[in-house]
Amino acid sequence: MDKSEELRKPVLALIAHDQKKDDLVMFVSRHIAHFSNCQLFTTGTTGSRILAEHKYLDLMPLKSGPLGGDQQIGGLIAEGKVDGLIFFVDPLTPMPHDVDVKALMRLAIVYDIPMALNRSTAEILLTNFAEQADGELNA
């Protein structure tokens, strides 16, 4: 493994349905030390909300979900450019672009990347990435 691979930041995709955007912004704020060490891709509105609170993050907002942002992140997953997906889903609100959401989740499953759909699983995902980083630094 060369130095560029050793020092590569984890790449996470962050998405939140409308009713969960505040929850995701608060989650990022609570775990800012971890997210500061990651490269982040987000759907448009979610990314804008996170950047309003944390301008210094390495964050690339894509299109909003209904305008193709979910599909853009799916493309990044298919290209092997995403290490994990945090998607705060609102199961109680119908989504007009539900087929795009299902396609994104299917790609995460097909390409076997960790996918967290709520706060509890997102915390487990972050803990796992932190443990992997610690293991690489101590190796």
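How are helix 5 and helix 6 oriented to each other? They are roughly parallel to each other (angle under 35 degrees). The model is predicted: local features need pLDDT of at least 70, side-chain atom pairs count only at pLDDT 80 or more, and totals for chains, interfaces and linings use all residues. Residues are numbered from 1 along each chain as its sequence is written, and side-chain values use heavy atoms, with hydrogens and water left out.

**View A. Helix 5 against helix 6.** The axes of helix 5 (residues 69-78) and helix 6 (residues 98-110) come within 9 Å and cross at roughly 15°. Axes are lines fitted to C-alpha atoms over the stretch in contact, with angles from 0 to 180 degrees between N-to-C directions; helices are DSSP runs (H or I, at least four residues) numbered from the N terminus. The crossing is left-handed (near helix turned anticlockwise from the far one by less than a right angle). Helix 5 contributes Asp70, Gln71, Ile73, Gly74 and Ile77 to the contact, and helix 6 contributes Asp100, Val101, Leu104, Leu107 and Ala108 (contact: heavy atoms within 4.5 Å). By class, six of these residues are nonpolar, two polar and two charged.

**View B. Helix 2 against helix 4.** Helix 2 (residues 21-30) and helix 4 (residues 44-53) have axes that come within 10 Å and cross at roughly 40°. Lys21, Asp22, Leu24, Val25 and Val28 of helix 2 meet Thr45, Thr46, Arg49, Ile50 and Glu53 of helix 4. This contact has four nonpolar, two polar and four charged residues.

**View C. The second largest pocket.** Its volume is about 220 Å³. A pocket is an open set of points on a 1 Å grid, fitting a 1.4 Å probe, with protein on both sides within 12 Å along at least five of seven lines; lining residues have an atom within 4 Å of a point. Of the 17 lining residues, His17, Asp18, Lys21, Pro66 and His97 are the closest to the centre. The lining divides into six nonpolar, eight polar and three charged residues.

Technical notes: Points joined across faces, edges and corners; volume = space filled by probe spheres on them. Nonpolar A, V, L, I, M, F, W, Y, C, P; charged D, E, K, R; others polar. Helix = DSSP H or I, 4+ residues; strand = E, 2+ residues; numbered from the N terminus. Parallel < 35°, antiparallel > 145°, perpendicular 65-115°, else oblique.
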